[in-house]
Amino acid sequence: TGVDLPRRVDTVYLGGGTPSLLAPELVARLFASLRAEFDLTPEAEITVECAPGQIADETLAALVAAGVNRVSLGVQSFIDREAAVSGRLHGRAVVLDDLQRLRGVGIRNVSVDLIAGLAGQTFQTWEESLDVLVSCGVPHASVYMLEVDEDSRLGREMLAGGGRYHAGLVPNDDAIARMYSIAIEKLGATGNGTGLAQYEISNFCRRGFASRHNLRYWQRRPYLGLGLDASSMLRESAGAGRVLRSTTTSELKDYMMGAALVETTWLTAEQQHEEAWFLGLRLNAGVEVAALRREFGAETVAPALETVARLVEDGLVVFANGTVRLTPRRQ
């Protein structure tokens, strides 16, 4: 395809779905194949997504043997009734037990996902979930705001005004936005270096525990996606500066028949410049204008800076020390 596919790999991420349900022998085969095709660096970050209460002892042992050193737990809520309404099969006690088991086998780099806006969620229960998260001592957390998606049962019901899946109990947008603001304040407030500072729109961590894999996405560094509905971003090997973005099919039958790619796009310099802005602004570190000028040229960046000036006047971004960052203000 004319793209540069380096063999040396420093991050691996297994997910979404629930790969922790794989049989131990399949876990071993998967990582053996990965190591046969690529050179994993000794310090590589290797993450697996797990559902609380669904990590068998044998599978956990296989993950450790395969070199997994980071786990992302899809908790969503530490309030049992909220977790149940959102279709989760676990409660708080199960999550706490899984955290203890993970630490017991040496996996201390654990991320916990929470969702603001679940059916029946209140400011009180949201703060309780945040308190439990902090008390767990995990070094990383992801906080997402509920999204209405017509492909989900809850989303279809909310759009149709039904009542079967408790759509009427979902907090309104303003309440969800306030919950998000509370999370930023509460997670970062813990002292003694144990607070989870926001480093990206939805992600929080202790110093040194940012997701190295996800940073590749936001910093526009190459990555290869394998499997159903997987995305890749690779750079042209000829050095012409183009970037290839591709996505595989989400249909298992098509994938097994070899019709994997459903979308392949070569990005122009203008498209890459646009991505540099909207991906870079996700990060609290912001976008360094001098770096953009070096990569794309001052002429390409100039119109964007005119837009930045207007956004500064509106209080939506700040431009200081050569870097553009988002502000907390919502339009």
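Trainee: Where is Ser246, and why is Ser246 called buried?
Mentor: The model is a predicted one, and in it Ser246 belongs to strand S9. Its relative accessible area is 10%. Buried means under 20%, so Ser246 counts as buried.

Trainee: What does Ser246 touch, beyond residues up to four places away in sequence?
Mentor: Ser246 touches Ala230, Ser231, Ser232, Leu261, Glu263 and Thr264.

Trainee: Where is Thr249, and what makes Thr249 buried?
Mentor: Thr249 is in the loop between strand S9 (243-248) and helix H9 (252-256). The relative accessible area of Thr249 is 5%, and the limit is 20%, so Thr249 is buried.

Trainee: Which backbone atom does the side chain of Thr249 reach?
Mentor: The side chain of Thr249 reaches the backbone nitrogen of Glu251, at 3.0 Å. A polar contact needs the two atoms within 3.5 Å, and 3.0 Å meets that distance. With neighbours within four places in sequence left aside, Thr249 is in contact with Leu228, Asp229, Asp254, Tyr255, Ala259, Ala260 and Val262.

Trainee: How many aromatic pairs does the structure hold?
Mentor: There are 2 aromatic pairs.

Trainee: Why is the pair of Tyr199 and Trp218 called edge-to-face?
Mentor: The ring centres of Tyr199 and Trp218 are 6.3 Å apart, and pairing requires centres within 6.5 Å. Their planes stand at 65°, and over 60 degrees counts as edge-to-face. The pair is therefore edge-to-face.

Trainee: What does that pair tie together?
Mentor: Tyr199 is in strand S6 (residues 197-200) and Trp218 in helix H8 (residues 212-218), so the pair ties together parts that are 19 residues apart in sequence. Tyr199 is buried at a relative accessible area of 12%, and Trp218 is buried at 10%.

Trainee: How do you know that Tyr217 and Tyr223 also form an edge-to-face pair?
Mentor: For Tyr217 and Tyr223 the distance is 4.6 Å centre to centre, with 70° between the planes.

Trainee: What makes the charged end of Arg242 sit over the ring of Trp266?
Mentor: The charged end of Arg242 is 4.2 Å from the centre of the Trp266 ring. The distance limit is 6 Å, and there is also an angle limit of 35 degrees from the ring normal. The charged end of Arg206 likewise sits over the ring of Phe209, 5.4 Å from its centre.

Trainee: Which residues of helix H2 (residues 57-65) are buried?
Mentor: Thr59, Leu60, Ala62 and Leu63 are buried in H2.

Trainee: How do you know that these residues are on the same side of H2?
Mentor: They cover an arc of only 160° around the axis, which puts them on the same side of H2. Asp57, Glu58 and Ala65 are exposed on the other side of H2. The cover over the buried residues of H2 includes helix H1 (24-37), strand S2 (39-50) and helix H4 (92-104).

Trainee: What follows H2?
Mentor: Gly67 follows H2, and its phi is positive, near 100°.

Trainee: Which residues of helix H11 (residues 289-296) are buried, and why are they placed on one side?
Mentor: The buried residues of H11 are Val289, Leu292 and Phe296. They cover an arc of only 55° around the axis, which puts them on the same side of H11. In general, an α-helix has 3.6 residues a turn, so residues three or four places apart point the same way. Among the elements covering the buried residues of H11 are helix H10 (269-280) and helix H12 (298-313). Gly297 follows H11, and its phi is positive, near 95°.

Trainee: Why is Val85 called partly exposed?
Mentor: Val85 has 37% relative accessibility, and the range runs between 20% and 50%, so Val85 counts as partly exposed. Val85 is in helix H3 (residues 80-85).

Key. Residues numbered from 1 in each chain as written. Predicted model: local features only at pLDDT ≥ 70, side-chain atom pairs only at ≥ 80, totals over all residues. Heavy atoms only, no water. Helix = DSSP H or I, 4+ residues; strand = E, 2+ residues; numbered from the N terminus. Buried < 20%, exposed > 50% of the residue type's maximum accessible area, 1.4 Å probe, protein only. Arc of directions from axis to C-beta. Contact = heavy atoms within 4.5 Å. Phe/Tyr/Trp six-rings, centres within 6.5 Å; stacked < 30°, edge-to-face > 60°. Polar contact = N/O pair within 3.5 Å; in protein donor to acceptor, adjacent residues only side chain to side chain.
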